[in-house]
Amino acid sequence: MATFYGSRNKTMERHVLLRDIDVPNIREIDVYLANDGYAAWKKALTTMKPDDVISVVKDSGLRGRGGAGFPAGVKWSFIPKDVFPKYVVVNGDESEAGTFKDHQLIDCNPHQVIEGTLLACYAVQANTAYIYLRGEFYEPAQTLQKAIDEAYARGLIGKNVLGSGFDVDVYIHLGAGAYICGEETALLSSLEGQLGQPRLRPPFPAQQGLYAKPTVVNNVETLANVPPIVLHGAQWYRQFGTEKSPGTKIFCVSGCVNRPGNYELPLGQYTIRELIEMAGGALQGRAVKGVLPAGSSAPILPASALDTKLDYESLQAAGSILGSASFVILDESVDIVWAARKMVRFFKHESCGKCTPCREGTHWALQLYNKLLSGYGTLDDVNMIGEVAAQMSGKCFCLLGEFATSPMLSTLKHFRAEYEAFVRAHSGGLRNGYDDELIREHVIDPAGNLIAGAVGQKRH
Amino acid sequence: MAELVNVTIDGVTVAVPKGTLVVDAAKKIGNHIPVFCYHPKLKPVGMCRMCLVDIGTPKIDPATKQVVRDENGNPVIQFMPKLTTACTTPVSEGMVVRTATEQVRAAREDILEFLLTSHPLDCPICDKGGECPLQNLTLAHGPGVSRFDYDAKFHNEKHVPLGELIFLDRERCIQCSRCIRFQDEIADDHVLQFHDRGRGMEIITFSDPPFDSYFGGNTTDICPVGALTTADFRFKARPWELQSAQSICTHCAVGCNITLNTRLETRHGGFEIKRVMPRQNEWVNEIWICDKGRYVHHFTRSEDRLHLPLIRREGRLVESTWQQALQLVADTLRAADGEIVLMVGDRIPNEDAYLLGQLGRAIGARVSVSPNVPSHYADVARAFGVGKDADFKRLGRGDLVLAVNADVEEQAPVWFLRLRQAVVDRGAQLIIAHHRSTKLHRYASAIHRFEVGRAPEWVQQQAETLAQALQAARHALIVFGDEHLDGPRARALAQLLANLLLQSGHAGRSDSGLLPLYPHANTQGVCDVLSPHTALPPAARVVWAVGVGDPQELPPAGFYIIQEVLHTALVEQADVVLPSLTFAEREGTFTSGDRRVQRFYRALPAPGEAKPDWWIAQEVARRLGFEWRYNSPAEIFEALAKDVPAYAELSYAALSRVVEQWPPIGREDLYYGGTAYDNTGGIGARYAAEAETRALPPYDVTIPEPTIAGLKRGPRMLYRDGELIRRSALLRARMVSLQQVA
């Protein structure tokens, strides 16, 4: 069960997060307890005030690992002191294409996630935490629930924890399979039983979040960082990473590499190229054509950017984002038009429909890509893709719509020649190897005719 | 007064209350920022992205927290990196908004192009065409040519019945959620929701029966496209073919301002009402009406309409001329020796009722209202009703609403909306006493129960507690109904409640007072101008019943004069039938349950030779030797105002007064408030309660014993009482017939 991550991707002497690689069976509470487990929780409850926890996390410089990179301690300090109840919500919706770090954390090191959650509760004085997991995390949810039950049995969660007078409860909620519910306000709506659509901000969740009460929403990985920080202190944590991006980060590497998987590395120490090497290099020794640093949301980086350091600032300077650090490696065998269409189709499918540019723009863009891929596209259509993306950009309600433009805009920016070559090579609707896929996705029928509505132009 | 902040929009600086949204601030200075999802009566959501503008705020130095100024001393404005939705951004001091830049212009064009990619553009067959925000805004801001391939158009179901009354066209829907939000925020009937997501997102109803709401018709007014249409008006006429006449709804005592849209129809040889639309009156119905007011207009063109006078000859009613019928009436009245009962229904306008009353008294008749009309407490309401300047909008935190024996949503639907806002949105306290549960119970902070028909006793027992609760409140509004009470007991209830107001010191205060739930549009007015006898005599020689509808019984008499608009059961026992006009075919005034006197105007020609009631009364009077020469209701109102003290300060001019209302509705910018009509016919005026003008003593109340007849007097429900709605093609499924109720 859940051993496919293996222990082969050992990248640090002692891991901070992926401790299952160092310590076998750390998912068992006894093993976890024997390895400093819940020591930070005990330390906080017995020797620290809530504000002390906030300040140590603030001092550590821990930045949110969900994608935005907002300092976690600062986020906690926004929670008003005099409003009750308050909530801690753990974002385990992990839906970004190519991201699977939270999955491993929950599955293999669940107690560290729980301990981080409890520390966050104590820091902001919330008595209830909800761990929101994506609907497909059915088995990890069972593992996590078992861990929570064990912690309850040991008196680490519940009423009057360890005699401290602090009450805390932790619940798991499974989503229903929507990418948008990884957006924190949509997550809160979904958790409340409403339609999973993002909410207006302000009010921010820190003021009016879950059930209109102050709420901290943190990513699973962010919270997994908290126990070691509280236990060992901010300075210890800052030995990893850079000044502005301290700590370690799990890098999910997938795509055309020999050893895909999670790699925990100090931020800013290695380059993308080194990361690909750690992952066994590109398949069959082929050259890398491009890298998506944060799944489909991030602008693609061409091979020329492989020496970019792995931290928030460097990737931004290179024209992309670190985001959730899910590196999808595309090698020279990958057709960029095909890859871009895959991503656009993903966003079209996951658009919540709330705002016009995202709802209509992704729909339109997919039709243009369908037209290209089925061999009826023209150079005008290539230009049109860029225009639709530009037309969406900057106008959407939430970041989903903005992210949806990056596969279009960035592939056009770096690989425009490929688009043009594709159009030339496949003009006239020639069979081009994508037939099975296009039939499956109802773009063309088995006879090769375009299906009305999937693309603009009928076959003449 | 709220704190004012200064905001500069395209170079024009305006001071608006803090918290005002940029879109509203711009509207105030005539800068029309286009919107689809935003509606001034609903909470902003920022979904459609049509209102994107460039917003900047004064730059603040993080160190000194002071505004940074340039070399000329002007604040440095920091613009947001992206365009911002004007509908979700509240103004702040020194904010600068740019709506005329190339970037904003392009954004509007972009969003419209997106919206039109999935919109069918079937304007030529769309009911909204001609008054459609999407159509208008596309002409104003949209791209001239679509770059979207027409063959790729998104297709979907075009005739989805959301309920019996509303159809949805899924293709036309632009997912603005106004209908969902209206149902959630205004009507509090959570019956609509989005289903699925992305391009597949569509409106569904999940209630059983579907779209179960008394206010659903309003969603078609605020729908910014032709996605929601009423079963009644769908494919019936194009908006530009319609004539408009301003009117007042007659189905309950709220007095909703409406506009009747009519069109020339050959089959009737004249105009016909095609639809009823709300007309803005922020003191009465805002921009909403209930479904009954919207759909129950078919009776004006019912086959049962009386077109000619009828006279009974050899046991059969035969058509006659007015000359013959009036002469017969005059002769019969003259010979009756004063043993006459003149009964007037409460759907008769003030002018007509007044003239009938004058005639009745002149010939010695006993003037009364129909036995159905709760006339017993109209004088109590006149004395202790809400103040002259009372405004529902002001009710809020610190105020108390007491609802006794009242089912507000059934009996006065739009008042339900007003009270709900006061309680839920603005924090007024609500105490309810009733023998059963009503929708208003959802918002009550205290709920009391009494036995069926025991409301007066309950108020008497609880007088001390209630008076204390009232005393603690800034203003106290008391809503009451007469369910299961006969006249004298209903009067006792009204008096006991009035005494509470006196005891707590709220009597005569503007936003406090009684709010009776009368059954029809002019119950208060008819009682005001007639001063009716409350008891009927055991028998009479002649009974003249004017617009009384279908009362259970009339006093036994030798001769019945029935003056009606429809061929009711009563007509069958008539000796003379005088055809009169509905509210749509004449003008006049109604006095609402909260004593607001409002004008309504003529929308339709008279059917056949039917005449207004005042004309009939005058013609009878002249045949009896009275020299009356009134030419119009306006002249009668003048006489009425001289004669009826409460109406002394009122005139047609005063009632026709129009004031600027917020939000602006029904002008050329339909996208903003929807297709409700602008009020140019007058907002009406309320006359002062007696308690406002002088100190009144408390009533000496003895509660009469309940009668079987009183206890059998069931709840008077707009939607569940078949008697009240005749020949309505719609709403039938919502109504239970009288037989079923009994």
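Student: Why does B:Cys256 count as buried?

Tutor: In this predicted model, B:Cys256 has a relative accessibility of 7%. The term buried applies under 20%, so B:Cys256 counts as buried.

Student: How many disulfides does the rule give over all chains?

Tutor: The count over all chains is 0.

Student: What makes A:Thr117 a buried residue?

Tutor: The relative accessibility of A:Thr117 is 0%. Leaving aside residues up to four places away in sequence, A:Thr117 touches A:Val88, A:Val90, A:Ala129, A:Ile131 and A:Leu223.

Student: What is in contact between chain B and chain A?

Tutor: On one side there are 32 residues of chain B, and on the other 37 residues of chain A. Together the two chains bury about 2800 Å², with 56% of that area on carbon and sulfur atoms. Of the area that chain B buries against chain A, 26% is supplied by B:Phe114, B:Arg147 and B:Arg197, more than by any other three residues.

Student: Why is the pair A:Glu402 and B:Lys82 called a salt bridge?

Tutor: The N to O distance between their side chains is 3.7 Å. The rule asks for a side-chain nitrogen of Lys or Arg within 4 Å of a carboxyl oxygen of Asp or Glu, so this pair qualifies. Across the interface of chain B and chain A, the rule finds 5 salt bridges. Polar contacts link 19 residue pairs between these chains, both residues being at pLDDT 80 or more.

Student: Which element supplies the largest share of the side of chain B that touches chain A?

Tutor: Helix 2 of chain B does, with 7 residues. Helix 2 (102–117) and strand 9 (192–195) of chain B each supply at least two residues of that side. Sorted by class, the side of chain B that touches chain A has 16 nonpolar, 7 polar and 9 charged residues.

Definitions and conventions
Residues numbered from 1 in each chain as written. Chains lettered and ligands numbered in written order. Predicted model: local features only at pLDDT ≥ 70, side-chain atom pairs only at ≥ 80, totals over all residues. Heavy atoms only, no water. Disulfide = S-S within 2.5 Å. Buried < 20%, exposed > 50% of the residue type's maximum accessible area, 1.4 Å probe, protein only. Contact = heavy atoms within 4.5 Å. Buried area = accessible area lost by both parts, 1.4 Å probe. Polar contact = N/O pair within 3.5 Å; in protein donor to acceptor, adjacent residues only side chain to side chain. Helix = DSSP H or I, 4+ residues; strand = E, 2+ residues; numbered from the N terminus. Nonpolar A, V, L, I, M, F, W, Y, C, P; charged D, E, K, R; others polar.
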